[in-house]
Structure formats: C-alpha cells, structure tokens
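Dear colleague,

I am passing on the structure below, together with some notes on what was found in it. Please read them with the sequence and the structure open beside you.

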Amino acid sequence: MSIKVYNTLTGKKEVLQPVEEGKIRMYVCGPTVYDLSHIGHARSAVSFDVIYRYLAYRGFDVNYTRNYTDIDDKIIARANKDGTDWREIAERYIKAFDEDMEALGVVLPTHRPRATETMDKIIELIEVLIQKGYAYVTDGDVYYSVRRFADYGKLSGKNIEELESGARVEVDERKKDPLDFALWKASKPGEPWWTSPWGRGRPGWHIECSAMCLKWLGTTIDIHGGGKDLVFPHHENEVAQSEAATGKPFARYWLHNGFVNIEKEKMSKSLGNILNIRDVLRGHTSESVRLFLLSSHYRSPIDYSEDSLREAEAKAERFYRTLDRIEKERPETSKTAVDKGIEEELMAPILEAMDDDFNTAAAIGKVFEEVTRANRLMDRGDEAAGMELRAMLSVFKKTAGFLGVFGKRPQEYFDERKERVALPAEEIERLIEERNEARRNRDYRRADAIRDELKDKGIILEDRPDGTVWTVRG
RNA sequence: GGCGGCGUACCCAAGUGGCUAAGGGAGCAGUCUGCAAAACUGCCAUUCAGCGGUUCGAAUCCGCUCGCCGCCUCCA
C-alpha cells in the first residue's frame, strides 16, 4: 500500500516516496502574526494536521515544522497603529493562534520556529546567494536576481516573460529588474533591525521559510505545504532561493489547500467578511468545525455558511448518538478483545480513501456506512453482532486518531453542546420533571406545551424507555 | 491578456475508463411512540452543464460551447 499525493510541482498525483525511507520531513507555512487567525488559517492548519497525523499513523517518522512569521511589514504597521511595540503584537497573536489551534484540536507540530529566532541562518543564506551571484546589494537592501535562476516559474507554471509584461509588478529603482524580490530590507528610522553584513535591516518575507526549512529539516524536504495562494510568489521564491543556494532540490512534494469562501464570496478585508476562528467557535463546537472542514477534499474550495455548519453539527450528532448507543446497549463491547480480521476489513476502505491524497470526505463517508450498519445490527437485536460492533468501535477510535473528529466521549460531546443553550440545566430538568408528571396524569396538552416551549429554545426531548433525555439542536 | 481549476440529486459532497453513481442534510411514506424525538425500512440522479468524438465500454479520456471561480499584487 502506498500513499498518493497531488503535487503542485508536477500537476499530478504521485506515490509519496520520501528522501529517507520511513521518514517524512514536512514544512508548512504558518501565520504572519499581526491579527487574529481566520477560518482560512483554520482550514490550512486542520488539513495539514490531518496529513501529519495520518502519515504518523501510517508509520512514518514525521518531522513536521510550521513557522510563525513574527517580523513583517504588517506587524510593524499594526504596532504603529496600536502604538505598541512590534514584539508585543507578535507575541499577542502567536498566543492567540496557539489558543485557536488548541481549541480546534490541532496537534503541535514537531518544531515551531520563529523567523526572528532564525536570523543567523537567514543571513548566512543571503550571503551564500550573494557569493554565488544570485543576489546583489543596493543601499543596504539585498535583492534576488530572478533571471539568474533558470528554473524560475517551475512551481507556479509561470514564465518570466509573461510576468515581465504584467503591468502590476511594482517598479522600484533599486531593483535591477522589476521581478527581483527583497531578501533583506534596510531598516528605516524607528523600524526594528538586526545587524547584517549589509547594515541594519530585516529579512524579506520569503527567505525566512527557506532558512527555517534548511535549519530544521535539511536540504531536500519531502513535503512543503500551505494555502493555494502561496504558490506564487511565496513558494516560487522559496524554491528559487533554496535551490540556488544549495544546488539541490528544495521540496519533492508541494501540497496546497483550497480556499474558504464565506457565503460564496472570497474572504477579504475590503469586503469585511473575515471570519475569525474564535468567532466561529463561539457559535459552533470545534468538532463540527473540523467535520465541516474535512467533509470536502482539502484541495477544493469550500463555502462557509451557517447551513453547512449546521449540517456538520448534525453529522457529529448522528455519530455520537450511535457511539453512545453502542456503549450503552452493548457494554460487553468495551471488554472483549477485537477481532483483528474484522477490524482490518472495516478499516481497509477508510485507509484506501486516506491513501488517495488524504481523501477525508470519502473516509468520513465510510465511517457513516458503519454507523448505519451499527444501528441496524442493534435494531435487529442481533446477539451475534458483538464482534462486529467491537471492531467498529476500534475502527472509529483509530480513524479519530488521524481525523481529529469522532474521538470524544459521547457525553463530552453532548455536554459541550448543552453548554451552548440559553437555559440553565436545572431549569430544563425541572421542566422535564413537570412534563413527566403531566404525562403520568395523561395531561398531554400540558406535556406537549412544555416540549414545544423547550423546542423553541433548541432543546429536543426524547422519551426513552429508561427516561427522558434532552439534546441540543441548531 | 497569461496560467490553473471547477460544473455530480432540492442542498452539501465522494467517485476520474467496466461491480447497483459513496456519505451527510432536507423531504415524503412506514415501523416504533400517548403524540413526538431518535433509530430502522422504503422512496428520492437510467444519469453526472451542453454538444460531438475516442473506446467493446466514459461522470471519468479528447475537442468545442456555455456558466462559475482562483492565481498573475499582501493574502491560508
């Protein structure tokens, strides 16, 4: 069994063959920490979180490095606007990002380097590029000579002549060629700076990623990931810098996640429809947010809407209801040993889906086929189904391990949902008792009135043989 | 203008040469229930934007047309 990934570099799905047998070196571009992270960052983080977890599940020794860009024009601008130090801005939003990631159940990467902690390597790399003639110094700035790198454009499929003719490339007199990009920027008065052979300044945006890759992962990495919008120019420039400096291939497989649109529109500052992760999590459980993100393939664009989040919530609800049911109706399943044969049989289609470029949508589909089957077996009171149900529980647990959904205790999930209801639990319990009293007296009008009243507040009552329980909807 | 992608049921969404076109949501009917809810059962795409071609065989490959989107500028 081999894992196939779609490689932006070749435009094809390819068998994943790491440089070093059994090991994966993976770098993903992290956030520029100048503001709260939005749902798009969440998608990228969750997509690569699953990829990381799955590769580890498949037995690879994965070094997953995701950076923080903690020095950048936008950070400086934000600091000036807020009248505070740029370091404080970076610190604040790194903390916010980490909190958001934890809330989304994103596991910590192996390394989380910061650009500012990698300054030695950045400067060293720029020096090599100057020595090799790929970069030049002008008034304390250092620029990369795009035309010197013959392969420029191979990742994004662009060619230099077309880029050149594009009127949107900003003209800068200090550049020898409009396409050249900054490796190092001389600091203006009042701006943060580091000392370098070219004077005081700070790194350009692209060079930090090359430096961090080289420092934490080595010359040729296996997987480089990020959002689709980073293909050009960011990743193209990373390739140019790194390969010019080392003379070796930079990354074998380039993986890019698709965008999140909001109600069919692109998220943008000008439209004012930026959706922060924490705003989304105020209205929805992290379980449903992840499930929403993983219900489409990571490369496809997805559309965020309240409806699609509600659908995801319904999916989660269905899953945990069934899990809860298995555990309650068939408690023996938690004690017996798993039949490895059955387990493997149930696991195979899920692995097949994941092996095919991390097709989480298909994998989730397979999980729900088992959910339906589990309910069916229990409805039929099939005593011999214990081994099947036991294997299912095990399959759910394994799948949860790499998808990062379906892994909670059912009660934990239901409680999380109940916290989002306006009414205090005691009040709900009191109304349920009042309703049951009415039911005992066959006062069904009163009983139904209470049920309808709760329903208006998103609380659904279920009269089960062992008593009335309540759940949250919407 | 250049490069790339997409168009599958009422909605979301897998499937990219050959078993009955996954799964979820919504809807309708039934079982269960005081009535519901949940669960289950049945129904819900002879058809994959349209047209033409390749093939024994295509939603899947090729061409054209229509529609939508992204990148080419900071952006996940």
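Which residue of E12 does Ile262 stand opposite? Before the answer, please keep in mind that this is a predicted model. The residue of E12 that stands opposite Ile262 is Glu265, and strand E11, made of residues 260-262, pairs with E12 in the antiparallel sense over two bridges.

These strands belong to an open sheet of three strands, which has the order E12-E11-E13 and mixed pairing. Strand E12 (265-266) and strand E13 (302-304) stand at the edges of the sheet, and because each has a single partner strand, one side of each is left without a neighbour there. Helix H1, which covers residues 39-57, packs on this sheet and touches E11 and E13, while its direction makes about 155 degrees with that of E11.

The other finding concerns a pair of helices. Helix H10 (residues 306-329) and helix H13 (residues 386-403) have axes that come within 11 Å and cross at roughly 135 degrees, and H10 and H13 are therefore oblique to each other. The crossing of these two helices, H10 and H13, is left-handed. On the H10 side the residues that take part are Phe319, Leu323 and Ile326, which meet Leu389, Leu393 and Phe396 in H13. Sorted by class, the contact of H10 with H13 has six nonpolar residues, with no polar and no charged ones.

Methods: Residues are numbered from 1 along each chain as its sequence is written. Chains are lettered from A and ligands numbered from 1 in the order in which they are written. This is a predicted model: local features need pLDDT of at least 70, side-chain atom pairs count only at pLDDT 80 or more; totals for chains, interfaces and linings use all residues. Side-chain values use heavy atoms; hydrogens and water are left out. Two strands pair if DSSP finds at least two bridges between them. Helices (H or I, at least four residues) and strands (E, at least two) are DSSP runs, numbered from the N terminus. Contact means heavy atoms within 4.5 Å. Axes are lines fitted to C-alpha atoms, for helices over the stretch in contact, and angles run from 0 to 180 degrees between N-to-C directions. Angles under 35 degrees count as roughly parallel, over 145 as roughly antiparallel, 65 to 115 as roughly perpendicular and the rest as oblique. A crossing is left-handed if the near helix is turned anticlockwise from the far one by less than a right angle, and right-handed if clockwise. Ala, Val, Leu, Ile, Met, Phe, Trp, Tyr, Cys and Pro count as nonpolar, Asp, Glu, Lys and Arg as charged, and the others, Gly among them, as polar.
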